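Thanks for asking me to look this one over. My notes follow, with the structure placed ahead of them.

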Amino acid sequence: MNEDSILREAATLGLSSDTSPAENNGEEVPALSLSNQAASKLKETLKKEGMAAGGLRVSVVDGGCSGFQYSLGLDAKPREDDIVVEQSGVRLFVDPVSQQYVHGTMLEYVDGLHGAGFRFVNPNAVRTCGCGT
């Protein structure tokens with residue numbers, strides 16, 4: 001997978017009917033978090049695209065064989081109603097509808113024999129699919 005396609009990669013997910021915020025031993029979990037590798041890759045990509053002051057838009061949209069899929073894209077600034085998460089110098093923009101589905105999700109960057117890209121570790125997903133639709 002080349003750098004141009006990593007931000008277009010989408011994974012499908014099935015969600016439980018309980019989309020309440022995830023908790024970790026009674027402590028509130030961040031709306032969305034990044035692994036160190038994901039933060040590093042995002043900084044590099046934002047700089048390369050001339051959007052160092054921008055951020056990554058994370059959303060959940062209809063589609064895929066499980067009903068929903070993730071969508072990633074670069075954005076120059078947040079929208080008025082976005083939830084903005086800043087971690088390790090990277091800003092994530094999440095719309096209020098998508099936030100209920102990604103709350104507690106860790107965004108990782110993996111680079112292995114089967115390719116490279118972002119992977120969502122979502123505690124709200126009850127099933128996932130990797131078919132790419």
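1. Glycine 50 follows helix α2 and has a positive phi, near 70 degrees. Helices (H or I, at least four residues) and strands (E, at least two) are DSSP runs, numbered from the N terminus. Please keep in mind that this is a predicted model: local features need pLDDT of at least 70, side-chain atom pairs count only at pLDDT 80 or more, and totals for chains, interfaces and linings use all residues. Residues are numbered from 1 along each chain as its sequence is written, and side-chain values use heavy atoms, leaving out hydrogens and water.

2. Helix α2 itself spans residues 36-48. Its buried residues (under 20% relative accessible area, 1.4 Å probe, protein chains only; exposed is over 50%, partly exposed in between) are Ala38, Ala39, Lys41, Leu42, Thr45 and Leu46. They share one side of α2 because they cover an arc of only 165 degrees around the axis, taken from the directions from the helix axis to the C-beta atoms. On the face turned away from that side sit the exposed Asn36, Gln37, Lys47 and Lys48.

3. The whole structure holds three aromatic pairs (Phe, Tyr or Trp rings, the last by its six-membered ring, with centres within 6.5 Å; planes under 30 degrees apart are stacked, over 60 edge-to-face, the rest tilted). One of them, phenylalanine 68 with tyrosine 101, is tilted, at 5.0 Å centre to centre and 35 degrees between the planes. Phenylalanine 68 belongs to strand β6 and tyrosine 101 to helix α3, so this pair ties together parts 33 residues apart in sequence.

Key: Expected span 1.5 Å × (residues − 1).
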